[in-house]
Amino acid sequence: MKIRKIYLSWRKGQGSRRKIVGLLKRTASDGITFKYNEEGVMEAQKEGFKEYPGFPLDFHKIYEEKNLDVFGLRLASFDRKDSIKLRNFWEADKIQDKFDLLALTQGLLPTDNFEFLGLFNPGTDLQFVTDVAGLSYLQLEKDIVKVGDIITYEQEFMKDAYEGKAIKLYKSNTPIGYIKNIHNNAFIKSGKQLKLKVKAIEQNGIISKIFVLVTG
């Protein structure tokens, strides 16, 4: 599964709507490039967004591969000898390509509000882990969802969703949130039902995070 596009997402904080503020793109002719998304940045600025550290905000500038080493810093923990468990969680144990690794792990750090959302296309080798959106709104009670549960879904028209279609998730008949924008691409473009299984949960009085494994 070769990733060609990664969208840079930012949000003000937990429960806030994500804004697509940039795009990392890989092509045979240009290599890897990064460019800000003017529409997304303008929306994000209303909530306090300034820029991605190290990349002065310029809607006309295309940053080339030699400028992009800073994104690799988000993968530092995957270079350690004890990273096997972390790689296994993200289904990335066999991944050596840093662009693919950034997409699969979302480049998540506990210190900021950025996420790197890979544009996954359906295929026989489709496999990725994503965390469910919309949980802050739903306030699901503890243990409603458990590790190993099979999750179903349906498409729902939503103006702000990528391609205008949101992927609404269910445990039995109970709504449990949505697939993140951009990650919904695999569901929209697939000609068959994808498989979803709960991989991990974070909860206290309520469920704060649900991670699901998506396979073709």
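Student: What should I know about the model before I start?

Tutor: It is a predicted model, in which local features need pLDDT of at least 70 and side-chain atom pairs count only at pLDDT 80 or more, while totals for chains, interfaces and linings use all residues. Residues are numbered from 1 along each chain as its sequence is written, and side-chain values use heavy atoms, with hydrogens and water left out.

Student: How many helices and strands does the protein chain have?

Tutor: Helices (H or I, at least four residues) and strands (E, at least two) are DSSP runs, numbered from the N terminus. Here the protein chain has six helices and 10 strands.

Student: How do I read strand pairing, and which strand pairs with strand 9 over eight bridges?

Tutor: Two strands pair if DSSP finds at least two bridges between them. Strand 10 (residues 207-215) is the antiparallel partner of strand 9 over eight bridges. The two form a hairpin with three residues between them, and glutamine 203 has isoleucine 207 in strand 10 as its bridge partner. Strand 9 (residues 195-203) also pairs with strand 6 (residues 150-157), again in the antiparallel sense, over two bridges. There, isoleucine 151 has leucine 196 in strand 9 as its bridge partner.

Student: What does the radius of gyration say about the overall shape?

Tutor: The radius is taken over C-alpha atoms, and the globule rule is 2.2 Å times the number of residues to the power 0.38. For 216 residues a compact globule would have a radius near 17 Å, and the protein chain agrees, with 17 Å. Its C-alpha trace spans about 45 × 40 × 35 Å along the principal axes.

Student: What share of the contacts joins residues 24 or more positions apart?

Tutor: Contact means heavy atoms within 4.5 Å. Of the contacts in the protein chain with a separation of 6 or more, 56% are between residues 24 or more positions apart.

Student: How do I read burial, and is threonine 33 buried or exposed?

Tutor: Buried means under 20% relative accessible area, exposed over 50%, and partly exposed in between (1.4 Å probe, protein chains only). By that scale, 44% of the 216 residues of the protein chain count as buried. Threonine 33, found in strand 3 (residues 31-36), is buried because its relative accessible area is 14%. Leaving aside residues up to four places away in sequence, threonine 33 touches Leu23, Leu24, Lys25, Ile62, Tyr63 and Leu68.

Student: And glutamate 39 and isoleucine 84: buried or exposed?

Tutor: Glutamate 39, in helix 1 (residues 38-45), has a relative accessible area of 64%, so it is exposed. Isoleucine 84 belongs to helix 3 (residues 84-89) and counts as exposed at 56% relative accessibility. The C-alpha atoms of isoleucine 84 and glycine 205 are separated by 31 Å, the two being 121 residues apart along the chain.

Student: Which residues should I look at for positive phi?

Tutor: Among them are glutamine 139, with a phi of about 55 degrees, and isoleucine 182, with about 80 degrees; neither is a glycine. Glutamine 139 sits in the loop between helix 5 (135-138) and strand 6 and is partly exposed at 43% relative accessibility. Isoleucine 182 sits in the loop between strand 8 (174-178) and helix 6 (185-189) and is buried, with a relative accessible area of 2%.
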